[in-house]
Amino acid sequence: MSWGTELWDQFDNLEKHTQWGIDVLEKYIKFVKERTEIELSYAKQLRNLSKKYQPKKNSKEEEEYRYTSTRAFLATLNEMNDYAGQHEVISENMTSLITAELTRYVQELKQERKSHFHDGRKAQQHIETCWKQLEASKRRFERDCKEADRAQQYFEKMDADINVTKADVEKARQQAQLRHQMAEDSKAEYSSTLQKFNSEQHEHYYTHIPNIFQKIQEMEERRIVRIGESMKTFAKVDRQVIPIIGKCLDEITKAAESVDHKNDSQMVIEAFKSGFEPPGDVDFEDFTQPMKRTVSESSLSNSRGDGKSEPKFGSKSKGKLWPFIKKNKGAGPEDFSNLPPEQRRKKLQQKVDELNRDIQKEMDSRDALTKMKDVYIKNPQMGDAASVDHRLAELGQNIEKLRLEVQKFEGWLAEVEGRLPARSEQPRRQSGVYEAQNPSGVNSCAQDRESSPDGSYTEEQSQETEMKVPATDFDDEFDDEEPLPTIGTCKALYTFEGQNEGTISVAEGEMLYVIEEDKGDGWTRIRRNEDEEGYVPTSYVEVYLDKNAKDVHKPLQKISE
C-alpha cells in the first residue's frame, strides 16, 4: 500500500489532504491550550474560594476553629488549596508536553510538506517540458514530411512536362532530395525525442513521483502517530495527578471522620460554663398576713439569691437570673473580674501560662547572651564582653517583672479556685464559702449593677448573685422597707422593651418617676406606679431631677411629641 503507486495521479488531492491534516493538528493544539487555561482558571477560583473562607488571624472567627467540626472544615479548605495546585500541575504539564511540542512540530511539518510538494511540482514541470519537446519534434517531423511530399510531387510534375528545361527539372529534383533529407532528419530527431520522453515519463511515474509521494505518506503517518501520542499524553497528565487528588480527598474524608460531636459539646461547656451553681428552691411567701413589700436596690440584686420571690418590675420580664450586666467596651479588667468564675479561672490560667512562656524566652535569651559574654571574655578579639552587660541587665529586669506578674495572676487564680464550689456538692446557692469571706455582700448591690444585659459578669455580681442569705429577721426588715422616694421625673426618648429581669418596658414620650440616678453603669431606676418599677438605659430617657418631685403614687401622663 503506497501512495506513490496507488495515487500517482492524485497530486492535487494529496496536497489538500496534507493541508487538512495540519489544520487538524493546529485545532488540537488550540483545544489543549484552552483546556490549560480552564485548568488555571479553575485552580485560581479554588484558591480564592479556600482563601475566602480561611479564618482571619487574631479574630474571634479564628477562635471558633478549636471545635472538631470547624477544624475539619479548615482541613478541607487546606486540602482544596492542594487540590487546586494539582490542576495547576495539569495545566503546566499539558503546556510543556503537548502544546509547546506540537507547536514546534507543526512548524517542522509545514516546512517538510512544502519541500516535498516543491519536489513534486518540479518533477511535474520537467515531464511537461519533455512532453512539449516531443510535441515540437513531432510537429516538425510532420511538417518536413509534408514539405518533402510536395517537393517530390513538384519534381515529378516538372519531369513529365516537355516544355520545362532540363535545368529546371534538375533544380526541382535537388529540392525534392533536400526536403526528403530534412524529413529523414526530423524523423530521426522525433524518434530520439520520443525515446527520451518515454524514458523520462517512466522515470517520472515509476521512480520520482512514487519516491516523493512515499515521503509525503510517511510525513502524514508521522503526523497521525504524533497526534495519537499527544492524546495519550493528555490522558497521562490527568492520570498522574489522580493519586494526589485522591490523597487530598482521603484527607478531607479523614478530617470529616475526626469530627467528634461529644468533644465539641464538651468544648461548649468549657467555653461558656460560668461556674455558678443553679439556684435553689424559692421559699413560700405567705400573703395572708397584711404586709407591704417594697423594692429596693438590694432586693433587686439579691431577689433570687436570698430565696425570696422577685417583685414585678415590668410586664415583659423574662426571669433571667443575671440582670443589668455591663459589657466592657475596650479592654476588660486586668484580673478578668468581669467574667464568671469558671471563665475567669480559664483566662487567668491562660495568662499565667503565657507569662511563663515569656519568662522562658527571656531566660533562653539571657543564657545565650551569657554564653556569648563568656566567649568574648575568653577571646577578646571576637567582641567586647561589656557590650552585652546592658542587655543582660534588661533581660534580668524583664524576667523579674514577668515573675511579679505571674505571682499576681497566680494569686487571683488561687482566689478564684478557692471560691469555686466543689463538684461533689449538692446543687445549691453558693453561700457558706463566700459568706465567710464577705459577710457584707448583701449591701453591695450597687456594685452588682456595674454590668449590662448582654452576658458578661463582674466579680462582685458573680459572687453575690450566687450567695444565699439565711432567712433571718433581716428579711422582715427588708420587707417592711418603705418605697424609695422619687428624686425627679424623666421622659422616654425612645421605646424600650425590657426583656431582662429587673428592667421595665417604656414607650416613647412616656413620663415616669426617677427613684435612682445612673451610678455610672448606664442604667437609671424608674417607677411607673407603686407596683411597676425597674431599670432602663440612661440614654433612652431625659431626666429632670427635682427634690420636690411628685408623689410616688400619682401617675404621670404620656406626652406625645
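Reader: Is Y53 buried, partly exposed or exposed, and why does it count as such?

Author: Buried means under 20% relative accessible area, exposed over 50%, and partly exposed in between (1.4 Å probe, protein chains only). Y53 has 39% relative accessibility, and therefore counts as partly exposed. This is a predicted model, in which local features need pLDDT of at least 70 and side-chain atom pairs count only at pLDDT 80 or more, while totals for chains, interfaces and linings use all residues. Residues are numbered from 1 along each chain as its sequence is written, and side-chain values use heavy atoms, with hydrogens and water left out.

Reader: Where is Y53 found?

Author: Helices (H or I, at least four residues) and strands (E, at least two) are DSSP runs, numbered from the N terminus. Y53 is found in the loop between α2 (11–52) and α3 (60–63).

Reader: Which helix holds D374, and why is D374 called partly exposed?

Author: D374 has its place in helix α8 (residues 341–378). Its relative accessible area is 37%, so D374 is partly exposed. D374 and A385 are eleven residues apart in sequence, and their C-alpha atoms are 7.5 Å apart in space.

Reader: How is the span of helix α4 to be read?

Author: The expected span of a helix is 1.5 Å times one less than its number of residues. Helix α4 (residues 68–160) has 93 residues; from its first C-alpha to its last it reaches 134 Å, close to the expected 138 Å. A bend at a residue is the angle between axes fitted to the seven residues ending there and the seven starting there. In α4 there is such a bend, of about 40°, at T95.

Reader: Which residues lie on the two sides of β1, and are they buried or exposed?

Author: In a regular strand the side chains alternate between the two faces of the sheet. In β1, G488, C490 and A492 lie on one side, T489 and K491 on the other, and all are buried. Strand β1 comprises residues 488–492.

Reader: Which strands does β1 pair with?

Author: Two strands pair if DSSP finds at least two bridges between them. Four bridges join β1 to the antiparallel strand β2 (residues 511–516), where K491 stands opposite M511. Five bridges join β1 to strand β5 (residues 541–545), also antiparallel, and T489 stands opposite Y544 there.

Reader: How does β2 continue to β3?

Author: β2 pairs with strand β3 (residues 523–527) in the antiparallel sense over three bridges, and V514 has I526 as its bridge partner. Six residues lie between the strands of this hairpin, in which G520 takes a positive phi near 100°.
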